[in-house]
Amino acid sequence: MAPDGIKDGTEVDLGYLGEADATEIATLEAIERKVRWLSAWTIHNANHLRESRDGLKVGGHLASCASVSAIMTSLYFHELTPADRVAVKPHASPAFHATQYLMGQQDLQKLKDFRAYGGAQSYPSRTKDGGMVDFSTGSVGLGAALTNFSALTQDYLRLHGMGGDKLPQGRMIALVGDAELDEGNVYEALMDTWKHDVRNVWWIIDYNRQSLDGVVNENLFRIIGRFFRAVGWNVLTLKYGSKQMEAFAKPGGEGLKRWINRCPNDVYSALSFQGGAAWRKQIKQDTAGDDALHALLDSYDDAGLHEVMTNLGGHDIKALLHTYKSVPNDKPTCIIAYTIKGWGLPLAGHKDNHAGLLNPQQIAGLRETMGIAEGEEWEPFAGLDEDPNVLRRFIDAVPFLKRRERVLEAEPVPVPDALTFKRAERGSTQESFGKLLHEIAREGGPLAERIVTTSPDVAQSTNLGGWINQRGLFSREERADEFKARNVPSAQKWVRSHAGQHIELGIAENDLFLNLAALGLSAKIFGERLLPIGTLYDPFIQRGLDALNYGCYQDSRFILVATPSGVSLAPEGGAHQSISTPMIGMGQPGLVSFEPSFGDELAVILRWAFEHIQDEEEGASVYLRLSTRPIDQPERAIDADLADQIVKGGYWMRKPKRGARSAICYVGAVAPQAHEAFERLSADYPDAGLLAVTSADRLYNDWQRLERARLDGTDAGAMAHVEDLFEPLADDARLVSVIDGHPAAVAWMGAVRGHSVAPLGVESFGQCGDLIDIYRHYGIDADHIEKAARRML
Ligand SMILES: Cc1ncc(C[n+]2csc(CCOP(=O)(O)OP(=O)(O)O)c2C)c(N)n1
Ligand SMILES: [Mg+2]
C-alpha cells in the first residue's frame, strides 16, 4: 500500500517501514555516527586540545548538534538536490561542517580551527565559511524566515520567466531549533509569505523540547502546529522512530505508546539523561497492573530499553526518509521531528546541556563506543564496519553533490551614465526619488526590468506610487485594480500579476529586511540578478534592525530608501522621528549610507548605488536617508568632478578661501538653515566655507581606511577625500556641523585635521510642531548655526 503520509491529522504514517532500502539506511546510519562523532570531536578539540592563548572558553553546541545529526545526514546524504538551499540552525554549525568534511567539501584544518581565526565559523556563514553555506544563521528565527523569502524570490524569478528552463525549482529548507519559534519575526514571515502563496519551503523543526535555559512548555507546539496549518502549511509530525514502532507492534506496545504520549517534556528529558534503569522504574511505576507492558519492558536490557525510548523519529533515518517522501505537494511544509537534545551523548536530555561539553573521560568513552582508535579521531570513516571505498563511492554519488558550485554568478545589469528626472524648483529628496524611479520605469530597458521594489505597507507614502503604476504589483494570482475597473478615481493603479515588480508586504519591517536579503542574494543563489529597492519610514529601521544586520552579514545587496527621517517631518510628531539612524548607517558593516539634500545629488547617488550593489569585490548595500521636506533645488549642471565628490561623501557648496577659520558642514534636509547661517556669517567672514556632506559614512570610512594603511605602513601617500576637503582651512579653523539626526554622526570631522567642532543635531525625542519651532527647539535653525559659528570665531 502506498503510504499516504499523514495519519491522525498530521502524524506521519510509518506503516511503510519495511519498504525502505536496507543497505542505504545502514550506510546513512553509519554516516550519522560520523557526523555526531566529528561534531563532538571538533568541539572537544577546540575546547580541550587547542592551546588557549587568552584564557577564554571556546564553546560550541554539542547537544544541539547531536540533536540534528540524523536529520542533517538524511538531508545532505540523501534528500537534497543541488537546487535545494538550506538554512542550518546556528548552533548546529559543527554538525554542518562535519557533513561537508565527509563530503570532501571542507578542509580538516578548518575543523581543527573551529571558532579560531580563519577556522570553521561558530555559526554557519556564507561569507566566512564559503559557498557551502547557503544562508548564514546566528540570530535565531531569522534563518528560518529567510527561507520563506528566498522561496518568494524563486517564485518571482520563475513567474517573470527569468532563468528560463535552466532555473530549477529547489526547496528552500530551514533546519530550525524548536525554541526559534519563540521569535516573533517567524510569524511575521509566515503571514506575509502566506499572502504571497509561497511554495517550495520546508521547515524541519528539531523538536527536542529544550531551549537554552531548559525544557520548553508542553502545549506550545499545539499552538504552533495550528498556526502553521492556519497559514496553509502541510504539518507533518514525526514522533516515533522505527524501533519504537516495532515495540508498539508487540504485546504491551500500545501501553508503551500511551505512556510516551502522556509523558511530560521535562520527565522525558530527565529520563533520557538517566538511562535504561530509570526508564524502566518510571514507566512501571506509572503503569502499575499493565503486565503486558512490563513484560515488554523486561524483554530489553537497560541499554536496549534506553535505545528504544530515545529512538524518536528525528533520530531515525528510515522514518526521516519516509517523512520527506510523504510531503504531499509543493506547499510549504513543516516537519516537526521529535528529538532528544544531546542524543547518544552522556549529556542527552539534561536541561543544562545547551553549552555542555564532554570531559576527557567522557570523550574517550564516546570514542570507544564509536570504535575509533586513539589517533584516528579525524579519520572520516574510522570505526565503521562499512568498506571506506564503498562509503566514499556512496557519498560521491549523493544527489546534493551533482553540482558542486553553490555560489552562482549573473551578468551585471548595465546602468546608464546618468539618471534623469524632471527637475522642480522646489521639492524633497523623497519626491525626487519617486520621480527617478518613475523615469526609470518609463524608459524601460534592462535596469527597469531587473529592479524589484518592496515595502511594508508604505509604498505610496514613500513615493513608490509612480513606479508601481507603471510596473504593477507582483502576485501569483492575477487581478485587476477593481477601483480602476469601476472608474473610481485614484492616483494609484494596483494591478496584480506575475509580471508585477513591486512586492507589497504587511507592516512588518523584519519582513522587509528579510525580503531584501533574499532578493539581494538572487544572483548567488539562483544565478539571476535582481536589483532590490526597499522603502520604509526611517525610524522603523530600528524595528527590523537585526534582520537588516542579518542581510548585510551575508553580503546580500539591496538599496534601502528610508523616508521620512529626522525631525523634519515636524508635524508628524515625536514618535516617528528618527534620531540615531545616521549612526546606524555609519555603524552597519555591509551598508553604505547617504543623506543628500537635493534631487540632483540623489540622482547621482542612486545611479552609483545601482552599480555599487553589483560590485562583487568592493560593493555593499546602500542606505539612502531621505526627507519629505520640500526645499529650493539648485539650478546647476553636475559635472563629473562634482558627481565624484557627491559619491565620495561631500563637496564645498562654497569653497573656503585658503586659511579660512570657519566652515559650516551640513547634512540633508537642514541645507536651507545652513545656507542661511552661512550667508549671514560670510558677510563678516568672507573666507568661510560651506560643506555639503552627502555621506558622512563614506567620508569617515575612506579616511579611516587610509589611517589604517598609514598605521600599517601600506599607504602610498594618498589623501582621504575629507582630508582634501579640509586642506584649505587654517589649522585653528573651527567647524559647525549640523544634521537632522544625532550630531555624533558628523562630529568626528574635527579629528581629521585637528579642528574643533560645534556639533549641532538632535539628541532627544520628540516634539511635534512646524519646522520653525522644531528646528529652533533642537537648535538646528539658522540662528543657532550662526551663533555657534560666531562663538567659535
Ligand atoms: C536572537 C537570538 N537570541 C538569543 C540567542 C541565544 N541562543 C542561542 S541558541 C538559543 C536556544 C535555542 O534553542 P533551540 O532553538 O531549541 O535550539 P537547540 O539548541 O535546542 O537545538 C539561544 C537562546 C540567539 N542566538 N539569537
Ligand atoms: Mg531545542
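This is a predicted model: local features need pLDDT of at least 70, side-chain atom pairs count only at pLDDT 80 or more; totals for chains, interfaces and linings use all residues.
**Entry 1: two residues to start with.** I looked up Asp 178 first, and it turned out to be buried. I then checked Gln 210, which is buried as well.

Next I asked where Asp 178 and Gln 210 sit in the chain. Asp 178 is in the loop between strand 4 (172-177) and helix 7 (184-195). Gln 210 is in the loop between strand 5 (201-207) and helix 8 (220-230). The two are 32 residues apart, so I wrote them down as a pair linking distant parts of the chain.

Entry 2: I listed 18 residues around ligand 1. Ser 64, Lys 89, Asp 178, Gln 210 and Lys 341 come nearest. I sorted the shell by type and got three nonpolar, nine polar and six charged residues.

Entry 3: For Gln 210, I found a backbone N or O atom 2.8 Å from an oxygen atom of ligand 1. Asn 208 uses its side chain: an N or O atom there is 3.0 Å from a ligand 1 oxygen. With Val 140 it's the backbone again, where an N or O atom lies 3.1 Å from a nitrogen atom of ligand 1.

On its own it has 590 Å² of accessible area, and the protein covers 76% of that.

Note on methods
Residues are numbered from 1 along each chain as its sequence is written. Chains are lettered from A and ligands numbered from 1 in the order in which they are written. Side-chain values use heavy atoms; hydrogens and water are left out. A residue is near a molecule or strand if one of its heavy atoms lies within 4 Å of it. A polar contact is a pair of N or O atoms within 3.5 Å; within protein, one must be able to donate a hydrogen and the other to accept it, and residues adjacent in sequence count only if both atoms are side-chain atoms. Accessible areas come from the Shrake-Rupley method with a 1.4 Å probe; for residues, only the protein chains shown count as cover. Ala, Val, Leu, Ile, Met, Phe, Trp, Tyr, Cys and Pro count as nonpolar, Asp, Glu, Lys and Arg as charged, and the others, Gly among them, as polar. Helices (H or I, at least four residues) and strands (E, at least two) are DSSP runs, numbered from the N terminus. Buried means under 20% relative accessible area, exposed over 50%, partly exposed in between (1.4 Å probe, protein chains only).
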